[in-house]
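Please keep the sequence and structure open as you go.

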Amino acid sequence: MIRTDKLSKYYGKGGKIKAVDELDLEVHEGETFGLLGPNGAGKTTTVRLLNCIIKPTSGTATLNGHDILKEEMEVKRVTGLLAESPGLYDKLSAYEFLELMGALYDVPGNILPERIDDLLKLFGLYNRRDYLLEGYSRGMKQKVLIAAALIHDPPILFFDEPTSMLDPRAALMVKDLIKRLADRAGKTIFICSHILPIVEELCGRIGIINQGKLIALGTVDEIIAQTETKTLEEAFIAITGGVEDKELLAWREQRGASA
Amino acid sequence: MPVPKWLVIARNEYRTITSSIRTIRPYFPFLVIGLLAVFVVFIAPAFVSPFIGDFLALILSQAAVPLVQVILFVFFFFLMLFPISLALREMRTGQLEILRAAPIKPSDVLLGKFLGATPFYAIFIAVIAGFFTAFLSPLGLGIVQIAIIIMTFIVTFLSALWIGTVIAAILRTKLGKTARGKDIGKALSLIIALPAIAVMYAIIGGGLLEALVDPRTGGIVKATLGLLPSSWGAEVFVGFASNPGNIAAVWFETLTRFGGLIIFFVAALWLGAKAADRAYSLDFTTFTASRAKPDGAFYQTVKYLGGGRLFGTLLVSIFKDYGRRFENLSKIAYVVGLLVLVGIFFGDYEGPIGAMIMGIFLFPILAAFVVGEVTVRGKENLFIYRKAPSGEGRLVKGRLLQGWLVVIPIVAVYATISLILVPQITFISLLTYTGLLVLIVAAYVAFALGLFLLMPVFSEKPAELMVNAMILTMVSAGLLMVSMIVFDLPLLYIPLIWLLGIVFLYLGKRNLGRIE
């Protein structure tokens with residue numbers, strides 16, 4: 001499970017910019033949790049903090065009982081991360097890339113080749129295993145990255161915008177995979193996204209973060225009820241703010257604006 | 001037992017570098033070792049044999065120590081810059097997130113990346129060490145002496161490469177997170193070459209070696225050079241050359257200098273490993289986004305020069321997009337720096353022609369750097385103009401004017417300063433020669449713009465830009481030769497280069513409409 005305790009990350013002079021501000025959160029074992037928020041809300045910073053990629057300014061968190069401040073290596077071993085915009089090694093083949101990731105996460109050499117082949121077959125990439133990643137489509141690259149996050153079979157998985165770059169078919173496949181990982185493999189899954197239907201469909205509970213603060217937490221129904229709206233989209237706008245209908249065409253009313 | 005993480009990273013780095021030769025990867029090390037053996041045993045001795053007499057006389061003279069010191073310093077400096085320059089050009093930090101999320105120490109990443117590239121560095125080290133040992137072997141050096149010389153090369157050059165790798169990692173992490181940082185990185189990648197070029201020019205045309213050898217001059221430079229780790233090996237080499245086969249005669253110098261080098265390398269490794277955590281930090285370094293200021297007098301003038309109104313606005317926009325990139329400004333600074341260095345070390349100020357010729361050879365590169373930007377931002381950037389009514393014509397006109405507005409003031413200042421140094425030059429001559437050079441360079445800009453539209457460079461890689469720059473330089477120089485030698489009419493060069501510029505501009509504009 002994941003538990004954060006006033007987890008904070010501040011930047012700038014005197015900590016003026018609060019990327020994540022005193023986040024208190026609990027994600028239960030086997031749960032699929034969604035962190036929603038507009039761009040720049042602090043979702044990726046939260047994921048990076050929980051994966052020990054960056055260090056918090058204050059507060060801490062534990063993942064499966066391992067403290068992110070004191071047990072960095074153990075935390076990294078129990079988590080898998082699909083980052084929002086990771087850099088792939090374009091000059092490696094899919095097989096070579098997964099081999100690298102397996103070695104980095106200490107997957108024993110006697111089971112690594114078989115696991116790589118299994119994952120490549122699962123994602124329909126087995127026939128292209130020896131092609132360099134530079135020739136892969138975005139969707140195929142995303143599949144390789146998901147396979148890399150799974151290579152050491154971690155109990156906790158972080159997916160930062162897992163379907164944002166995928167075509168509908170690949171997005172459906174990823175969604176199905178996440179569902180199975182949660183339902184059949186009992187993984188704890190933490191999804192960050194601003195695509196509301198994905199989170200709505202996959203997550204048992206969601207949190208909404210804005211300007212570093214967790215401002216709503218609960219099931220989709222609970223959040224809709226709290227905001228007295230009809231859909232998650234309306235609830236999200238109500239909580240985080242948006243442009244009102246009457247403002248949308250205001251720009252046309254300026255004199256001389258039409259060409 | 002799990003494989004050490006630095007070895008995993010090193011293997012991966014090696015795979016990445018050799019990805020283009022994957023089919024021969026298993027045999028590649030043997031192939032390289034075999035070729036290097038042939039080089040060291042046969043090629044290097046054969047290559048150096050015609051110069052061996054002169055070299056031995058030099059290595060046994062007073063000039064030996066400063067000579068070898070300068071050679072090693074230049075190599076040290078270039079090798080240190082090599083990984084930095086590579087990193088600054090490719091400011092990608094995405095892969096770092098994958099590595100930082102894994103249970104691996106930053107020092108393992110740093111060491112692995114260094115070791116993965118080391119086999120390729122070793123090729124360079126073997127070539128240089130091969131040359132030196134070939135030069136020194138006729139002296140009858142003992143096997144231990146040769147081994148120490150080779151070790152000295154290895155330790156000196158690996159120290160430089162390690163320091164460069166650490167600095168590169170820090171710079172990439174600091175600069176690679178923001179668009180502005182990446183821009184600064186690309187700008188630095190070009191500018192950092194200038195000090196090394198200055199040292200080379202000083203050796204070739206500035207009499208640096210002679211000054212160092214002369215006991216009356218260069219005291220501070222000599223003392224500073226002697227303190228640098230790159231210089232310590234020089235004293236070992238020269239000591240061995242003076243006492244071939246007799247290591248005992250120079251045991252103290254060998255122990256202190258070679259021992260010092262080893263300590264320096266170990267200390268550099270330790271400090272680099274300590275710095276690794278900072279070098280691979282993914283924390284944001286800045287949250288300050290660059291903001292555009294309201295147009296000042298400069299942009300108002302540019303708009304006025306563009307005829308005001310909509311085209312003036314377009315010209316100002318082109319100017320802003322160009323001028324706000326440090327990379328573009330660094331290219332101008334680089335060519336200006338080269339002009340200054342060439343002027344200092346190779347300048348001929350006895351008549352106006354020397355300055356003119358120098359400009360004629362260097363300004364095509366400046367023109368290419370300035371207007372070559374037209375395609376490097378990619379096709380999508382060009383399609384913005386293609387989509388707009390008469391957009392292609394306006395783009396060509398705007399870029400041409402922008403090129404002239406950037407290049408002509410530089411040329412005018414260069415010509416004025418160079419010509420003022422010519423004794424007894426009259427004001428009229430000064431104006432005439434400056435005007436002629438401006439006229440020539442204005443044609444270069446048109447020629448360069450046409451060429452880049454005809455042969456677009458859709459990448460920011462300097463090598464591809466340089467191909468077009470070289471074509472410009474060659475063709476311009478060829479045309480000058482034709483005017484001077486075939487027709488014996490130097491002034492014919494001006495209408496010829498203008499004709500070429502107009503033709504290329506026409507062809508380039510036509511091609512712009514066909515790019516898909």
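B:Ser317 is found in helix α15 (residues 309–323) of chain B; helices here are DSSP runs of H or I with at least four residues, strands are E runs of at least two, and both are numbered from the N terminus. This is a predicted model, in which local features need pLDDT of at least 70, side-chain atom pairs count only at pLDDT 80 or more, and totals for chains, interfaces and linings use all residues. Residues are numbered from 1 along each chain as its sequence is written, chains are lettered from A and ligands numbered from 1 in the order in which they are written, and side-chain values use heavy atoms, leaving out hydrogens and water.

**Around B:Ser317**
- B:Ser317 counts as partly exposed because its relative accessibility is 39% (buried is under 20%, exposed over 50%, partly exposed in between, with a 1.4 Å probe and protein chains only).

**B:Met481 in helix α22**
- B:Met481 lies in helix α22 of chain B.
- With 37% relative accessibility, B:Met481 is also classed as partly exposed.

**Helix α6 of chain A**
- Buried residues in α6(A) are A:Ala170, A:Ala171, A:Val174, A:Lys175, A:Leu177, A:Ile178, A:Leu181 and A:Ala182.
- They cover an arc of only 160° around the axis, so they sit on the same side of α6(A) (the arc is that of the directions from the helix axis to the C-beta atoms).
- Exposed residues A:Pro168, A:Arg169, A:Arg180 and A:Asp183 are on the face turned away from the buried side of α6(A).
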